[in-house]
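These are my notebook entries on one protein structure. I begin with single residues and then turn to a sheet.

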Amino acid sequence: MKLTEFIKLLLKHKVILMVLPLIMGVLAILLTINPNHKYYSQTMLFTGLASGSSIDMDKSFNYFATNIAFDNLINIINSRETQEEVAVRLLSQHLLLNAPNERFISKNNYENLKEDVPQELYKYIVKSNDYHTSSNLRKDSLSITLPSTIHVEDYEQTVVKLLELMRSDNNNFVYSLLNFEHPIYSLEAIAKVKAIRVSNSDLVKMSFEAEDPGICQQTLAIFNEVCIRKYKDLKENGSDAVVQYFEAQLAQSHKKLRTIEDRLLKFNQENSIINYYEQSKAVAIVKEDMEVEYNRKTAELAGSQASTMKLEQKLEIQEAVQQRSNQIIENKKRLGDLNYKIVMMEAMTSDSEAHTLKLEDLKNQASNLNLKIESSVSELYSFQNTVEGVPITKVLPQWVDKVVETEDLRAKLVVMDKRNEAFEKKYANYAPAGANLKRIEREIEVAEQEYLEILHGLNLAKLKFQDTQLSSNLKAVDAPYYPLKPIPSKRKLIILAAIIMAFIIILGSILIMEFFDNTLKNAKVASKKLNIPYLGIMPKLFVTQRPLDFEKIQDRLLEYILKNINHFFKTQPTTNKVKTIVVLSTRENEGKTVMAGNIARKLKRMGKSVTLLNHALNDKRISVSKKYTFINKFLGYQNPQCDFSQPFLSKVTDYLNANEYKKYELDSSFINAKNFKELTVHTEATSIQSEYVIIELPNISDHNYPVDLIESADLTILVCRSNRLWSEADDNLLNNIKELAPSKLQFIINGTELNEVESILGELPKVRSNTRRQLKRIFQFQFYSNSHI
């Protein structure tokens, strides 16, 4: 949409765009004629969450933890339980008043409260005459200011009873008062308290708006008290629970450690252990020394026994010595005999071989016997002396000494065996005692470590508890003030907003209607929807008071249409002497008759011979249009009535004679007609000699049409009404016509807005002021259009 089109759209709806916003502004004025004045108050809480002091000197600033802490505090302020307690405390404060007090509640609200509260609720109200006690309580326990007639103890007891009543069921008066739409005590009203963090500081600002200044101040004061207490209880209760947990675990761990230590003491007493590791070390050393000594004594005993046996073997050789001596004597005798025989044989002189052999044999025997004697003498010497050559007589004292020594060693080993048996029993007790003692000591070590860890956790928890007490100590640095002046009224802003919103809504509705307008509307839109070229357009002839020459405009538009027709016949010449133009429409009341008649009239004025053929149906010419209602007139819209006095809407018979205007019957000859001659075969118009024959067909959606006639026609004109929707059925009918006359089909858009004519004729001649002409040039960005070349 161009800017000029947008301006024209605004000018078309200018009255409704001005009147309806003004009406909405007047309604806003009437509705806000008696505004409810509201009062505003605020308070500041110092939290110390970001920069407050801490016991932990190594504690570093954590941005996310600080934000979470502030979120927790604000969520506590906005929680339902907090709002319920604030509402009940505010209600208790007002119920305990004997008379309205402007500082706490206005007279009107107090009277309304008395009317709303049932009589049975007063049994939950506690009143006493002990002013002394209440004054002390007020000073120490409450941060809010109470009237002098209200005792703090009565106030607190009343709050407790009303809270119990409210939480008992959902049918009591207090529950209903809090959960329905009461302007003062409902949770919806209390929830209007806004709590925000002031920039990145430690301050939280709470603000509240109410119609009663006293209620506005007291609500914030009660919020301060309740939030400070709840936040402190929540923080301290959590930390205190941790401290109690560690204390309980520490007691259990201490008891467990004491039990294991007692078991170790009992074990040491039963096993006579003073210092197991020193004692076991000493036992191991003694055991090792005893094993070494025992092995040494055993080796000495074995050596002594071996020596004794050797000496005894030497002492047993005496018999062998005697035997060897007798054997030597006997051998000596035999050697003497042999030597005698040898001497005798040698003394005998004989050369016989037998004598020689026998002599040799005797010598050999003597030699062997001599060797035996020598061997026996050597053995006898060895028997009488040791290997070292010691005489046997000296071995006997040694044997006696060795026997004594062996018995002495054997007696020592017997004593050592008994000692080892006793030591083995003791060592057998020490071996499992070490494992048991190690297990008990390990259990003590684990229990001791557990005790120390729990003790460390307890110390940290106590430190955290003390730190929490410091961090949860909220303070009201800016108490809520009593507002004296109401908040300035936003009545002007509301009225202005109502006017602007009404203007925007109306303008948006107009733009949406314009955007979603799916009618044919103008030649440009129709060309896109129909996808065929157009011959021209014709505006609707409204009854208008504007000084426009409609006859001249119509004449120029008809000339434009005839120019396009002539151009068409020039570009697509025909051999037919008579040019046939078929005029049709897909629906009825499209303006075919008027358009066909005016084209015929214009051709006749141009000196052309024309014949107009129309169907013989009843004339359904519309002569009365819808009324010009008061609303349309008031809103400045165009008069929808047609100006039937215009020559353009005259009857065809007014400007065509009987030879130029003929009618045909819708019979079988109409359906089968191939040309205009066959169409008029039953009439006297069989010999038409005109240059142009214009044939108007009935609407093709309700009547059948001559296919051959449309196919043989030189030009087919589709007449469309601009304010109608182009449906899929119309599109199907048009596609059929396109198949018959693909290059000879064009359309005329009828009944368009007068402004659409400017797309063909240019700017219409209207009486315009100089200012309007200048504005139009500005909106069209034509700043130098009047400059000469």
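Is N531 buried or exposed? I found N531 exposed, because its relative accessibility is 62% (buried means under 20% relative accessible area, exposed over 50%, partly exposed in between, with a 1.4 Å probe and protein chains only).

I noted that this is a predicted model, in which local features need pLDDT of at least 70, side-chain atom pairs count only at pLDDT 80 or more, and totals for chains, interfaces and linings use all residues. Residues are numbered from 1 along each chain as its sequence is written, and side-chain values use heavy atoms, without hydrogens and water.

Next I looked up backbone angles. N531 is not a glycine, yet its phi is positive, near 60°. The residue N531 sits in the loop that joins α16 to β5 (534-539) (helices are DSSP runs of H or I with at least four residues, strands runs of E with at least two, numbered from the N terminus). K521, also not a glycine, has a positive phi of about 65°. K521 belongs to the loop between α15 (491-515) and α16 (523-530). I recorded K521 as partly exposed because its relative accessibility is 23%.

I then turned to the sheet. It is open and has 7 strands with parallel pairing, in the order β5-β11-β10-β6-β9-β7-β8 (two strands pair if DSSP finds at least two bridges between them). The edge strands, each pairing on one side only, are β5 and β8 (661-664). Between β5 and β11 (residues 745-752) I read 5 bridges in the parallel sense. Here I537 stands opposite I749 of β11.
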